[in-house]
Amino acid sequence: MAQSRSASPGSSRRSRSTRWSPPALPFDLGMLFGRKQKPGGERLDLGNWVRRVLSRPLQPPPAAEREVEVEAEDEGRDAGNREEVEVGSEEADHLVVMVNGLSGSSSDWKFGAEQFVKRLPGKVYVHRSECNHSTLTFDGVDLMGERLAEEVRQVVQRRRNLRKISFVAHSLGGLISRYAIGKLYEYSVAEESCFNTDKHSDEENVYGGGKLAGLEPMNFIASATPHLGSRWNKQLPFLFGVPLLERTAAETAHFIVGRTGKHLFLSDRDDEKPPLLVRMVEDCDDGKFMSALRSFKRRVAYANITYDHIVGWRTSSIRRQHELPELQLTAKDEKYPHVIHVSTANPECPQEEDSVDASLADSLEEIMIRGLRQVTWERVDVCFHESRLKYNAHYNIQVRTHPTNLEGEDVIYHMIDNFLV
């Protein structure tokens, strides 16, 4: 119990309480740090200090269950109100949202943001998302997507002159962005006409008429993103395609990266629903994911052909194994020495083959491929085989750290030069 205070110096040891209290120990904690004794003989003795600490009321324990949407809204609102991660002209009406990957932060896109503003002066306003960083990226694609959606809403609310929106994401950030746009999507009456094939050509049907947070969707760009997850053979290249290692990773990933691990390996089965990444290839109760993707005028998948030990070529380029092209590892344009191949259309969708494995894993992968390819994707295949730090390809493609990942600059320039403003 705390002792009652006395007006006279040195009388703190006399207690007016009838309850017994242990004698004060004549030990001054300040002496440990070389502090001089207070004038008037006052000193902080160990006995009084311990009693004061023990007499403080305990803080109530945190709630056992957190409300995902409420927490996401709070964190997204805080991040959306911070201006230090934003660059660009105040007059620019095109918002570019840049999203980091697993264990990353807003600083991962610092170089990219600077180059977008420098090469597109007065045209873009770049916001580097910071609501999902470090260990917050272990919370799961859905919670991170909720945070990002709220962060974007706050930016749009703060900057009333914005008219267009694009997303540029790296690795896991691509999945987070796909979830977020499903939450931000707003149906537009003009969208009905986009699906009337009797009146419009295929080219006119590339995108719908919906909006995201009231803005017109322009570019959706994902670099080294595991669109199909990390569950299947060689989708997580550093496991070398060894079945035992891949099965072990799928069963233990959630111990390392939390709910995000379950989502990446499609081992989540909330309320007996299909895995989240499978649900994200269609419109469902969770969000209008495909309508949102369709609303963009262009969708681009940048993929490392090799030397990316975190995300495989197949999952990042949304292709089947036999659809991966045999490429000469030489650039066709000297301006972009690491851009090996560019495809502006989906591979021709073959008839379902008898050789397709009917196992659960293969069927889920096929469902995701077919779902995502309801819309047209541009594919940009990248290779750092002659780079000094080629084994760092996963971060070179983003120029995560400058100048360490300097050799990926041309990939960023390729994004900007082909960007619809």
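This is a predicted model: local features need pLDDT of at least 70, side-chain atom pairs count only at pLDDT 80 or more; totals for chains, interfaces and linings use all residues.

Trainee: What makes β7 and β10 a pair, then?

Mentor: Five bridges join β7 to β10 (residues 298-304), and the cut-off is at least two, so they pair. The two strands run parallel. Ile 221 stands opposite Val 300 in β10.

Trainee: Where do they sit in the sheet?

Mentor: The order is β1-β3-β2-β4-β7-β10-β12-β11, eight strands in an open sheet with mixed pairing.

Trainee: Why are β1 and β11 said to stand at the edges?

Mentor: Each has a single partner strand, so one side of β1 (86-88) and one side of β11 (339-343) is left without a neighbour in the sheet. On average, neighbouring strands of this sheet are turned by 15 degrees against each other, direction ignored.

Trainee: Which helix packs on the sheet, and what does the helix touch?

Mentor: That's α4, which touches β1, β2 (94-99), β3 (124-128) and β4 (164-170). The direction of α4 makes about 150 degrees with that of β2.

Trainee: On to the rings. Why is the pair Phe 167 and Phe 220 called tilted?

Mentor: Their centres are 6.5 Å apart, and the rule asks for centres within 6.5 Å. The planes are at 40 degrees; under 30 would be stacked and over 60 edge-to-face, so what remains is tilted. The pair links distant parts of the chain, with Phe 167 in strand β4 and Phe 220 in strand β7, 53 residues apart.

Trainee: And what makes Phe 167 and Phe 296 edge-to-face?

Mentor: Here the planes are 80 degrees apart, with 6.4 Å centre to centre. Phe 296 is in the loop between α9 (289-294) and β10, 129 residues from Phe 167.

Trainee: How do you know that Phe 167 and Phe 296 are buried?

Mentor: Buried means under 20% relative accessible area. Phe 167 has 0%, and Phe 296 has 0% too, so both count as buried. Phe 220 is buried as well. Phe 167, Phe 220, Phe 296 and Trp 377 form one aromatic cluster, and the count of aromatic pairs comes to seven.

Trainee: Which elements do the buried residues of α7 pack against?

Mentor: They pack against α4 (141-158), α5 (172-184) and α8 (276-279). The buried residues of α7 include Glu 246, Ala 253, Val 257 and Leu 264.

Trainee: What makes the backbone at Ala 213 and Ala 224 worth a look?

Mentor: Phi of Ala 213 is near 55 degrees, a positive value in a residue other than glycine, and phi of Ala 224 is near 55 degrees too. Ala 213 is in the loop between β6 (211-212) and β7 (216-223), while Ala 224 is in the loop between β7 and α7. With a cut-off of under 20%, Ala 213 at 17% counts as buried, and so does Ala 224 at 0%.

Trainee: Where is the cis peptide bond?

Mentor: Between His 402 and Pro 403, with omega about 15 degrees. Pro 403 is in the loop between α12 (393-396) and α13 (409-417).

Terms used:
Residues are numbered from 1 along each chain as its sequence is written. Side-chain values use heavy atoms; hydrogens and water are left out. Helices (H or I, at least four residues) and strands (E, at least two) are DSSP runs, numbered from the N terminus. Buried means under 20% relative accessible area, exposed over 50%, partly exposed in between (1.4 Å probe, protein chains only). Contact means heavy atoms within 4.5 Å. Axes are lines fitted to C-alpha atoms, for helices over the stretch in contact, and angles run from 0 to 180 degrees between N-to-C directions. Rings of Phe, Tyr and Trp (its six-membered ring) pair if their centres lie within 6.5 Å; planes under 30 degrees apart count as stacked, over 60 as edge-to-face and the rest as tilted.
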